[in-house]
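Here are my notes on this model, as numbered points. Please read them with the coordinates open.

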Amino acid sequence: MSVFLHALRTALPPHAYPQARIRDMIKAQPELDRLGQRLTTSIYNHSGIDQRYSVVPDFALAPDEAPGLFLDPATGRMLTPSTGERNAFYIEHATPLFVGAARAALEASPHLQARDITHVVTVSCTGFFAPGPDYAIVRALGLSPQTQRFHVGFMGCYAAFPALRMAQAFCEADPDAVVLVVCAELCTIHMHSANDADTLIASSVFADGAAAALVSARPPASGTPALRIDALGTTLTPEGVGEKDMAWTIGDQGYDMVLSTYVPEIIEANIQPVLLSLLERDRVLAGAPTAQVERWAIHPGGRSILDKVQGSLNLSDEQLAPSREVLRRHGNMSSATVLFILQDVLEAASDGERVCALAFGPGLTVESGLFTACTGLD
């Protein structure tokens, strides 16, 4: 039985900040010494990011305005709200993003209605509350109160894939199932400044955004593009490799993100066997060069990660363009990012073209997916 991704759609918060503005704000923090300031300039200027979206309005405050939760504009000093205060801010601002992306996906699918949805799977690692975003979506979209709800929490940048795997399993078990998958992340509410390179890298890439898709065994409607799920895979790098280089823990002043300078090398050293294992499951691509897959959606954990994956898999600039463009326009929105890229890839793909998607996260975990672009026929 074939299962399809329909109606990939995204949602963004209202505040877009040029990367240079955030760079200068971080550089001005008193805890940074001269080396930290130089590192900040280098990391931000070579990030491949032009702007990032955030739910936080504070970074645009004028010097004569009152302090926000995260910044005192008079001094330029970043403030240190507690984890509880940050989570309360998450609850207020995450819900509209979850609902907005979910509504956009539903409105974009002409042959699937609110009454058809049987399952909702939400994904986030940047905050928690109950009843959660799955409940909020059911209420806001007027879904059946019998809709089955699930939440994938605190898995990091690769978490869209476990959600898609759950959705695929539901659809294979019940051909009438229609699963709404929604990822939303508010990474910027946990932004820190410090002299160490790992913290500076994390502060330079993470952003806010949401994305949604409908997953169903029903083929796409006439003239409507979709992605057929051909294979989904997951693997861990060898034991002890990467466990401390990509991590996500809860501290007293927000979540502490670690994205070390070694991550690109770890991914480069381990990506080939991951892809070979995925392609071996496909009768057409088994034994073929990875570059034979026409379209790619690679999670941009950072520019150097894209560089290493491109070189290791011998991919062209054109094949990497959608991933680099999402990084440039939006930064790294954790779990939602790969769905942003898949939306762009699907809009450009021709019927029958193969699409490979990759995402990386704590562990170090590598998630992969193989798809075929298709358009519904009369």
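1. Start with a handedness. The crossing of α3 and α4 is right-handed. The model is a predicted one, so please read every value below as computed from it.

2. Now the geometry of that pair. Helix α3 spans residues 83-107 and helix α4 spans residues 133-141. Their axes lie 9 Å apart, and the packing angle is about 50°.

3. Which residues make the contact of α3 and α4? From α3 come T95, F98, V99, A102, R103 and L106. From α4 come P133, A136, I137, A140 and L141. By class, the contact of α3 with α4 holds nine nonpolar residues, one polar and one charged.

4. Helix α7 (residues 263-279) and helix α8 (residues 303-313) cross at roughly 35°. Their axes come within 9 Å. The crossing of α7 and α8 is right-handed.

5. The α7 side of that contact consists of V263, P264, E265, I267, E268, I271, Q272 and L275. The α8 side consists of S304, I305, K308, V309, S312 and L313. By class, the contact of α7 with α8 has eight nonpolar residues, three polar and three charged.

6. Next, C157. An unreviewed UniProt entry annotates C157 as "active site". The residue sits in the loop between β7 (148-153) and α5 (160-173). Is C157 buried or exposed? Its relative accessibility is 9%. C157 therefore counts as buried, since the cut-off for buried is under 20%.

7. What does C157 touch, leaving out residues up to four places away in sequence? The partners are F206, H299, N332, S334, S335, A359 and F360. Please check these contacts in the viewer.

8. P238 is placed in another loop, between β10 (225-236) and β11 (246-251). At 46% relative accessibility, P238 counts as partly exposed. The C-alpha atoms of P238 and T365 are separated by 10.0 Å. Along the chain, P238 and T365 are 127 residues apart.

9. Last, the domain record. UniProt, in an unreviewed entry, lists residues 5-219 as "domain: Chalcone/stilbene synthase N-terminal". In the model, that span is 36% helix and 23% strand. The end C-alpha atoms of residues 5-219 lie 9 Å apart.

Conventions
Residues are numbered from 1 along each chain as its sequence is written. This is a predicted model: local features need pLDDT of at least 70, side-chain atom pairs count only at pLDDT 80 or more; totals for chains, interfaces and linings use all residues. Side-chain values use heavy atoms; hydrogens and water are left out. Axes are lines fitted to C-alpha atoms, for helices over the stretch in contact, and angles run from 0 to 180 degrees between N-to-C directions. Helices (H or I, at least four residues) and strands (E, at least two) are DSSP runs, numbered from the N terminus. A crossing is left-handed if the near helix is turned anticlockwise from the far one by less than a right angle, and right-handed if clockwise. Contact means heavy atoms within 4.5 Å. Ala, Val, Leu, Ile, Met, Phe, Trp, Tyr, Cys and Pro count as nonpolar, Asp, Glu, Lys and Arg as charged, and the others, Gly among them, as polar. UniProt positions are given in the numbering used here, feature names are shortened, and annotations may be inferred rather than shown by experiment. Buried means under 20% relative accessible area, exposed over 50%, partly exposed in between (1.4 Å probe, protein chains only).
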